[in-house]
Amino acid sequence: MRSPPSAIENDNDYHYAIWPRLPLKSVMRTVRTTATAATAIRTAITARAIRFSGLVESGDSATGTIATAPSASPVGKPPPSPRSLDGRSGTVVLVTVLTVVLVGSVFVAIGLGSAVVPPADTARYLWAALTEGVIVPDEVTRYQIIWQIRTPRVLLAVIVGAGLSAVGAAIQALVRNSLADPYILGVSSGASVGAVTVSLFGVLSALGIYAVSVGAFIGALIATALVYLIAHGRGGVSPLRLVLTGVALSFGFQALMSVMIYFTPTNEATGTVLFWTMGSFGAATWGTLPVAAGFVVVGILVLQRHSRALDVMSLGDETAASLGVDAVSARRRLFVVTAVMTGAMVAVSGTIGFVGLVIPHITRMVIGATHARLLLIAPFFGAILMVWVDLLARTIVAPRELQLGVLTALIGVPVFVYLMRRNGYVFGGR
Amino acid sequence: MDLHLDDLTVTVDGRDLVDRLNLTVTSGEVVGLVGPNGSGKSTALRCVYRALRPSGGVVRVGGSDLWRLPLRTGAQRLAALTQEGGADFDFTVAEIVALGRSPHKSGNQPLTEAERAQCVRAMEQLDILHLAHRGILELSGGERQRTLIARAIVQQPKVMVLDEPTNHLDVRHQLRLLDHLRRSGLTVLVVLHDLNLAAATCDRIGVLADGRLVAAGRPADVLTTRLIRDVFGVEASIVEHPITGDPQVLFTLDGARSDSESPSPMKGTRS
């Protein structure tokens, strides 16, 4: 009874009539709301900060501002936003706002697509799905688009966006490198090798349609373990060795993959590789979503439990030791967590670049570097960005899909540049 | 709380960077370590703040073997100012100082009001309260160094080890810091390069050369023309400080020397 949804998903008349007005408006509205809220929150945090230390920001701004980036605009440069030792009340407001924005974004993204479903209908279908309600036969196709295709897809975007942002933030602290991202330890190329191996040689075929995902997951873990073991030297793993080994082995895995494809040039293998290197939420199903969600949610919680340890570790291993934190063993444990999380995400969505690198920085610019707040807020930013990026990717040139990484960069880079120049954000070291 | 280094030895690739170092810092005493570059001062100190496991010997704090204590327990007794230059990400000064409390906290437990007040006091002492909400990466070297010292103070240790704490500090803040250390009542082991500051600050001075302790005692007994020539390979004149009576070491540039029998500048230095 399930008709192929592509007939409607590719209905471009529908699409072009509605698309240019509706989503753009909501995007602008969301952006405006978020900006206003962010200003309000910053004010709240600032007020609290001043109350905490019992002083008004004094005029000693002459010293120490040398390193800040020059402002883009000659007039009206706002002062660097002061942050507090404890902005908990501000954080609560921010989390509330972000939750609302995220839920709203998810709802909008489920309704929009090649076939636009009005919000009332979207809500009705979702309600019916959750409560096992009744759908009239005329609406079955639209219901299926909403529930079977778009909902898991949008939720996967939420999960992966949140997961990549949290992992990126943690990895940057673990290897003490602003350029690190979730794939730094060879996870993505390892996953591709695993997936291609599975689809070419038919290993794991007992797992049926999940074989390739499981292969990718295993490949990711093997790659991380290899990088870790090779980088391991006397006195543990130094962050820089780890990054260098990760980069070097990534090239190795990519070469291996190219060789495998060269000698067995089947369409299937090429398609598999493309999927894993470009990344897409198109393969989302209700079957794989809970598994990925489980890994990501548990992983984020574990990382959050280590926020103060991550703070201390960003001060350097020796300082960490003097503050009672064993950086080497904490790093080893947290790497396992991030590797499993990233492996699970790559297995269902491929490699989506940029989010895990830049969302942590964007978040630090807004709320500061403290991991308790960073690991709380960054997943929201990442999830919201990912939902909108995926929406654009599947609608802007429908019926084709744009590569997610292209859009994350197109949207993320201007935001990043704007924030960096406005706040005088300083990256690790000078 | 006493600090003992018993036969402390660090061997890396067959070379003894620190060779059977014996040193005791009694409770409340300020002991300075001086010596030329590469003499093993920092290496010895790293064994004390547990960045480097000694190859032999024992570090005892308040009687117990430091390396057998849990890392956190050790950090509650002993704070360190390392040579690491602060954070990689733009934490604020207040956030960095607050991290000094982490050995006293389990997991992500938030700071109490009393602990926050303590952070404010430490920042006041080090003259950085006005920078509390500034990012650490935009500060000058001296301001950053003061932030790290405030963090060590907030840790409320019994013993403090400092590796060249006066680095980057202007003269006023150097004196303020050393004065603060003297009056804190803490047991202090400090590596200093400035022999005059060491003489003014320390109850006793230990001189390291090639990983071995070659002299130890009161500054006036240790800092002699002969020792400075043997260890540092430079000629110096020692005079008495007109007010405190501490020994003061005066150096002369070779070109400015009036007598003709000046020694070659590198004589006696070790590689």
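Start in chain B and select helix α1, where B:Lys41, B:Ser42, B:Thr43, B:Ala44, B:Leu45, B:Arg46, B:Cys47 and B:Val48 are buried. Buried here means that 20 or more other C-beta atoms lie within 10 Å of the residue's own; 12 or fewer makes a residue exposed, anything in between partly exposed, and the C-beta atoms are placed from the backbone. Helices (H or I, at least four residues) and strands (E, at least two) are DSSP runs, numbered from the N terminus. By that count α1(B) is mostly covered, with 8 of its 8 residues buried.

The model is predicted: local features need pLDDT of at least 70, side-chain atom pairs count only at pLDDT 80 or more, and totals for chains, interfaces and linings use all residues. Residues are numbered from 1 along each chain as its sequence is written, while chains are lettered from A and ligands numbered from 1 in the order in which they are written.

**Chain B: after the helix, then the strand**

Move to B:Arg50, in the loop between α1 (41-48) and β4 (56-61) of chain B. Just after α1(B), this residue takes a positive phi of about 65°, and B:Arg50 is not a glycine. With 23 C-beta neighbours inside 10 Å, B:Arg50 counts as buried.

Next select B:Val10, which lies in strand β1 (residues 3-12) of chain B. B:Val10 has 22 C-beta neighbours inside 10 Å and therefore counts as buried. Show its contacts, a contact being two residues whose C-beta atoms, placed from the backbone, lie within 7 Å. Leaving aside neighbours within four places in sequence, B:Val10 is in contact with B:Leu17, B:Val18, B:Thr43, B:Cys47, B:Leu52, B:Pro54 and B:Ser55. For a distance label, take B:Val10 and B:Gly40: they are 30 residues apart in sequence and 9.0 Å apart in space, C-alpha to C-alpha.

**Chain A: overview**

Switch to chain A, which has 17 helices and 0 strands. Buried residues make up 47% of its 430 residues. Of the contacts in chain A with a separation of 6 or more, 79% join residues 24 or more positions apart.

The C-alpha atoms of A:Ser105 and A:Val387 are separated by 6.9 Å, although the two are 282 residues apart along the chain. A:Ser105 counts as buried because it has 23 C-beta neighbours inside 10 Å.

**The nonpolar core**

Which residues touch the most other members of the largest nonpolar core? They are A:Ala170, A:Val387, B:Val97, B:Met123 and B:Val161, out of 198 residues. A nonpolar core is a set of buried Ala, Val, Leu, Ile, Met, Phe, Trp, Tyr and Cys residues joined through C-beta atoms within 7 Å. Helix α6 (residues 140-174) of chain A gives the largest share of this core, 18 residues. Centre on A:Ala170: beyond its neighbours within four places in sequence, it is in contact with A:Leu303, A:Leu310, A:Leu334 and A:Thr338.

**Two helix pairs**

Display α6(A) with helix α11 (residues 289-305) of chain A; they pack at an angle of about 30°, with their axes 10 Å apart. Axes are lines fitted to C-alpha atoms, for helices over the stretch in contact, and angles run from 0 to 180 degrees between N-to-C directions. The angle makes α6(A) roughly parallel to α11(A). In this contact, the residues of α6(A) include A:Leu155, A:Ile159 and A:Ala170, and those of α11(A) include A:Val296, A:Ile300 and A:Leu303.

Then display helix α7 (residues 187-201) and helix α9 (residues 239-263) of chain A, whose axes come within 8 Å and cross at roughly 20°. The contact involves, among others, A:Ser189, A:Val193 and A:Leu200 of α7(A), and A:Phe253, A:Met257 and A:Ile261 of α9(A).

**Last stop**

Finish at A:Phe354, in the loop between α14 (327-349) and α15 (355-367) of chain A. A:Phe354 has a positive phi of about 80° although it is not a glycine. With 23 C-beta neighbours inside 10 Å, A:Phe354 counts as buried.

Methods
Parallel < 35°, antiparallel > 145°, perpendicular 65-115°, else oblique.
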